[in-house]
Amino acid sequence: MISLKSSLIVIGSVGLLFLGACSNSNQAANTEKSPAISTSNANSPASPVAKTSSQHGESKGGQVVETGAYHLEFVPEKELNGTHMDFYLLKGDNHEAISNAKVKAKVQTPDGSQKTLNLTYDKEGKHYTVLLPEKSSGQYQVKMLVDIDGKKVDGRFSFNK
């Protein structure tokens, strides 16, 4: 009788372990546009929130990161001579464009090499832009380094080519 009770307890425990392992809620979704990876804001006490779609205003079809009062959106477009990178930097609930920031992109290419590119502001399109002259295929990791009047706002993105 004691052996039967011990066996039932062991079988029940093993069953609960399997049930717990099967109900793991940490599942990753694979998307075509590679969602934003993470962000960091050196001056913000609260941790930023990464989003793949915008709740405020119209998205440009890229990867969106809301961090503090800032909306960052990264849109890579393939071209014959590389990848054209557009970066939208907006502030506030009404998403006003910020035109006076210093924006750099640190890009890690699929072969592991690093490139740093300075983005220029396009007044007509109200965004920052640069051409990445890389043609190799694979995954690119991009960290946008933004300086807005001394305030640092960074965003991490990725794309496949």
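Phe74, Phe87, Tyr140, Phe157 and Phe159 form one aromatic cluster. Rings of Phe, Tyr and Trp (its six-membered ring) are taken as a pair if their centres lie within 6.5 Å; planes under 30 degrees apart are classed as stacked, over 60 as edge-to-face and the rest as tilted. The model is a predicted one, in which local features need pLDDT of at least 70 and side-chain atom pairs count only at pLDDT 80 or more, whereas totals for chains, interfaces and linings use all residues. Residues are numbered from 1 along each chain as its sequence is written, and side-chain values use heavy atoms, with hydrogens and water left out.

The protein contains 1 helix and 12 strands; helices (H or I, at least four residues) and strands (E, at least two) are DSSP runs, numbered from the N terminus. Along the sequence the order is α-β-β-β-β-β-β-β-β-β-β-β-β. Of the 161 residues in the protein, 33% are buried, where buried means under 20% relative accessible area, exposed over 50% and partly exposed in between (1.4 Å probe, protein chains only). Among contacts (heavy atoms within 4.5 Å) between residues at least 6 apart in sequence, 52% join residues at least 24 apart.

A search of the whole structure gave 5 aromatic pairs. Tyr140 and Phe159 form a stacked pair, with 4.9 Å from centre to centre and 0 degrees between the planes. Tyr140 belongs to strand β11 (residues 139-148) and Phe159 to strand β12 (residues 151-160), so this pair ties together parts that are 19 residues apart in sequence. Tyr140 and Phe159 are both buried.

Phe159 is also among the residues touched by Thr83. Thr83 is located in strand β5 (residues 82-91) and counts as buried because its relative accessibility is 1%. Not counting residues up to four places away in sequence, Thr83 touches Pro76, Glu77, Val130, Leu131, Leu132, Glu134, Phe159 and Lys161.

The mean pLDDT of the protein is 77, and 67% of its residues reach 70 or more. Confidence is highest in strand β7 (residues 102-108), at a mean of 97, and lowest in strand β2 (residues 49-50), at 41. Over residues 24-57 pLDDT stays under 50, and for these residues the model has 58 contacts beyond four places in sequence.

Terms used. pLDDT = per-residue confidence, 0-100.
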